[in-house]
Amino acid sequence: MQQHASPAYRPLGVSAGITASSISKSYGTFVALDDVSFVCRPGTVTGFLGPNGAGKTTTLRILVGLTRPTRGTALVGGHAYPRIPNPGLHVGVLLDASAQHAGRTGREVLMIGARTMGLDSRRVDEMLDVVGLSPPESRRRVRDYSLGMRQRLGIAHALLGDPAILILDEPANGLDPAGIHWMRELLRSFADRGGTVLLSSHLLNEVELVADEIILIGRGRILAQGSKADLLRMSGAFVQAAEPASLERALGRAGIEIASSNGGVRVDVEPAVIGRIAAAESLALIELRSDGVGLEEMFLNLTATTQREGVSP
Amino acid sequence: MSALVAEAPSLDLTGSRRVPMRRLVLVELRKMADTRAGRWLLIGIAALATVVMILSMLTFDDPERTFTRLMSSASIPQAALLPVLGILLVTSEWTQRTALVTFTLEPVRLRVVASKVVAAILFGLGAVVITLVMGVGVTAIFGNEVAWDNVGIVEIAKFALLQESTILQGLVFGLAILNSAAAIAAFFIVPTAFGLVTTMWDAIADVAPWININAASGVLLEPRTMTGEEWAHLGVTHLLWIGVPLAIGLTRVLRKEVK
């Protein structure tokens with residue numbers, strides 16, 4: 001049940017964004033990702049939303065070449081990530097804020113990144129400043145960092161090379177509300193300067209706060225993608241008429257597409273719209289009800305079922 | 001942050017150069033020394049060799065107080081600590097999960113492995129230099145009249161070869177196993193167990209010298225010219241204990257999904 005809300009799913013070709021084309025990944029018989037396709041455009045923040053275990057992290061790992069897809073291709077900035085020379089200068093990546101040597105200081109973690117990319121230590125201090133880690137904090141070992149501090153350190157690491165694209169896995173995890181607000185401002189201004197941001201989250205309100213575009217993933221499949229506004233408004237209706245053929249003609253004249261028909265028909269507009277059409281065309285309806293699967297409802301259903309199944313991340 | 005052009009068609013990589021090997025090696029050296037465990041391991045390697053050399057001189061009878069004898073004493077603690085250094089150089093990336101960052105900054109994993117091999121060789125050289133310097137000092141103070149006999153460039157080269165062999169053995173074990181504790185355990189148990197089997201099992205006693213790397217390498221410390229067959233033993237045992245784990249390790253690291 002792919003629901004592509006209209007304007008966001010324009011094919012854009014290859015841009016300095018991110019393009020995932022029909023990515024599938026199987027582990028033996030387990031299908032982790034099934035035909036995942038999406039585009040992240042420059043100037044936007046895209047939220048990759050899904051419950052734990054939905055395949056978000058696997059997708060992000062495939063984007064940066066840490067995991068090989070079974071099928072499909074991933075392009076970052078128009079290139080296969082492993083072919084980007086000194087990729088830290090083009091793509092900022094944060095996959096797991098806790099994947100740092102616990103015995104290193106925060107500053108040293110950034111120094112290693114800076115040295116690899118060929119940057120000097122001034123850049124490290126600038127980025128520590130940007131993410132709000134004070135000099136004394138930066139000299140503490142990562143083992144003594146709270147999750148929020150690790151996230152800030154990870155974001156600083158991703159920003160080190162002044163990249164055009166950011167790929168962040170659960171960056172808001174562990175941040176307090178003020179921290180989430182700060183991150184929103186940071187990513188917003190990054191996108192406003194033409195940068196592309198793809199961030200994942202398992203929390204709808206987090207994504208609502210930060211993202212312009214939303215990709216909803218569940219059990220390895222993309223369930224919906226589009227602008228935040230469209231997806232949150234997304235609704236539909238189920239309608240059954242005494243004379244189905246007349247109804248379909250009327251809907252056709254009104255330019256309403258029939259999503260599916262099974263006894264009655266399912267359409268992607270609100271019931272009130274159908275009601276007005278039926279009245280205008282003098283159609284006898286047997287049934288008219290809301291059949292909207294909005295983003296929130298879809299997400300809640302998804303979360304509820306996956307939680308029942310006890311799928312771990 | 002600058003130079004972000006809206007709607008740029010794709011990343012412009014014309015000015016981009018891949019990370020030079022020299023920089024990758026420097027980063028690897030740094031990563032070994034910037035944690036408490038790593039720093040103490042490096043200090044321990046230098047300190048323990050020195051302490052063992054001094055203790056040897058104090059306990060040895062006079063005829064044994066020579067530079068070459070001292071070098072073989074020093075190689076005992078080195079044989080235990082250098083492989084651990086080699087192992088940690090690789091495995092800490094996996095146990096601490098920093099491989100995630102390392103391989104996103106240099107996606108060509110073979111280059112990362114190569115930089116670790118070069119770093120290991122440099123650490124080995126460092127250990128050789130420190131041991132030699134300390135050994136010269138200790139011998140100058142405690143050595144007997146013939147302390148410097150049989151000391152030449154060949155002996156020093158053989159000592160260096162032994163140290164490099166030791167650290168690289170550790171590195172390839174780390175590469176093949178990718179877990180610090182398991183790799184350290186395997187490193188000390190597997191070759192010794194093999195050696196033990198070859199001594200107990202008559203049928204393969206003939207091939208034992210071609211399998212037992214510790215015996216084959218030990219000859220490097222004997223103050224005499226090695227025979228062609230001994231060099232052959234050295235080569236074959238190294239192919240077995242460095243070549244094979246290296247091949248396994250490379251296959252694993254280049255293919256493994258980094259989590």
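Visitor: A crossing of two helices is right-handed if the near helix is turned clockwise from the far one by less than a right angle, and left-handed if it is turned anticlockwise. In which hand does α2(A) pass α5(A)?

Guide: The crossing of α2(A) and α5(A) is right-handed. Please keep in mind that this is a predicted model.

Visitor: And at what angle do the axes of α2(A) and α5(A) cross?

Guide: The angle is roughly 20°, and the two axes come within 10 Å. Helix α5 of chain A covers residues 147–159. Angles under 35 degrees count as roughly parallel, and α2(A) and α5(A) are therefore roughly parallel to each other.

Visitor: Which residues make that contact?

Guide: From α2(A) the contact takes A:Gly106, A:Val109, A:Leu110 and A:Gly113. From α5(A) it takes A:Leu153, A:Ala156 and A:His157. By type, the residues of this contact are four nonpolar, three polar and no charged.

Visitor: Let us turn to where the chains touch. How many residues does the contact take from each chain?

Guide: Chain A contributes 42 residues and chain B contributes 38 residues.

Visitor: Which helix gives the most to the side of chain A that touches chain B?

Guide: That is α2 of chain A, residues 106–117, with six residues.

Visitor: New topic: how many helices and strands does chain A have?

Guide: Chain A has 11 helices and 14 strands. Its C-alpha trace spans about 75 × 40 × 40 Å along the principal axes. Of its 313 residues, 48% count as buried.

Visitor: What share of contacts in chain A join residues at least 24 apart?

Guide: The share is 73%, taken among contacts in chain A between residues at least 6 apart in sequence.

Visitor: What is the mean pLDDT of chain A?

Guide: The mean is 87, and 90% of the residues of chain A reach 70 or more. Over residues 1–15 of chain A, however, the pLDDT is below 50; this stretch has 31 contacts in the model beyond near neighbours in sequence. Residues 308–313 of chain A also have a pLDDT below 50, and that stretch has seven such contacts.

Visitor: And chain B: how many helices and strands are there?

Guide: Chain B has 10 helices and zero strands. Its C-alpha atoms fill a box of roughly 80 × 50 × 30 Å along the principal axes. Chain B has 259 residues, of which 39% count as buried. Among contacts in chain B with a separation of 6 or more, 79% come from residues 24 or more positions apart.

Visitor: Where do α6(B) and α10(B) meet, residue by residue?

Guide: On the side of α6(B), the residues include B:Ser165, B:Leu168, B:Val172 and B:Phe173. On the side of α10(B), they include B:His238, B:Trp241, B:Ile242, B:Gly249 and B:Arg252. The residues of this contact divide into 11 nonpolar, four polar and one charged.

Visitor: Is the crossing of α6(B) and α10(B) left-handed or right-handed?

Guide: The crossing of α6(B) and α10(B) is left-handed. The axes of α6(B), residues 153–177, and α10(B), residues 228–255, come within 7 Å and cross at roughly 35°.

How values were computed: Residues are numbered from 1 along each chain as its sequence is written. Chains are lettered from A and ligands numbered from 1 in the order in which they are written. This is a predicted model: local features need pLDDT of at least 70, side-chain atom pairs count only at pLDDT 80 or more; totals for chains, interfaces and linings use all residues. Axes are lines fitted to C-alpha atoms, for helices over the stretch in contact, and angles run from 0 to 180 degrees between N-to-C directions. Helices (H or I, at least four residues) and strands (E, at least two) are DSSP runs, numbered from the N terminus. Two residues are in contact if their C-beta atoms, placed from the backbone, lie within 7 Å. Ala, Val, Leu, Ile, Met, Phe, Trp, Tyr, Cys and Pro count as nonpolar, Asp, Glu, Lys and Arg as charged, and the others, Gly among them, as polar. pLDDT is the predictor's confidence in each residue, from 0 to 100. A residue is buried if 20 or more other C-beta atoms lie within 10 Å of its own, exposed if 12 or fewer, and partly exposed in between; C-beta atoms are placed from the backbone. Angles under 35 degrees count as roughly parallel, over 145 as roughly antiparallel, 65 to 115 as roughly perpendicular and the rest as oblique.
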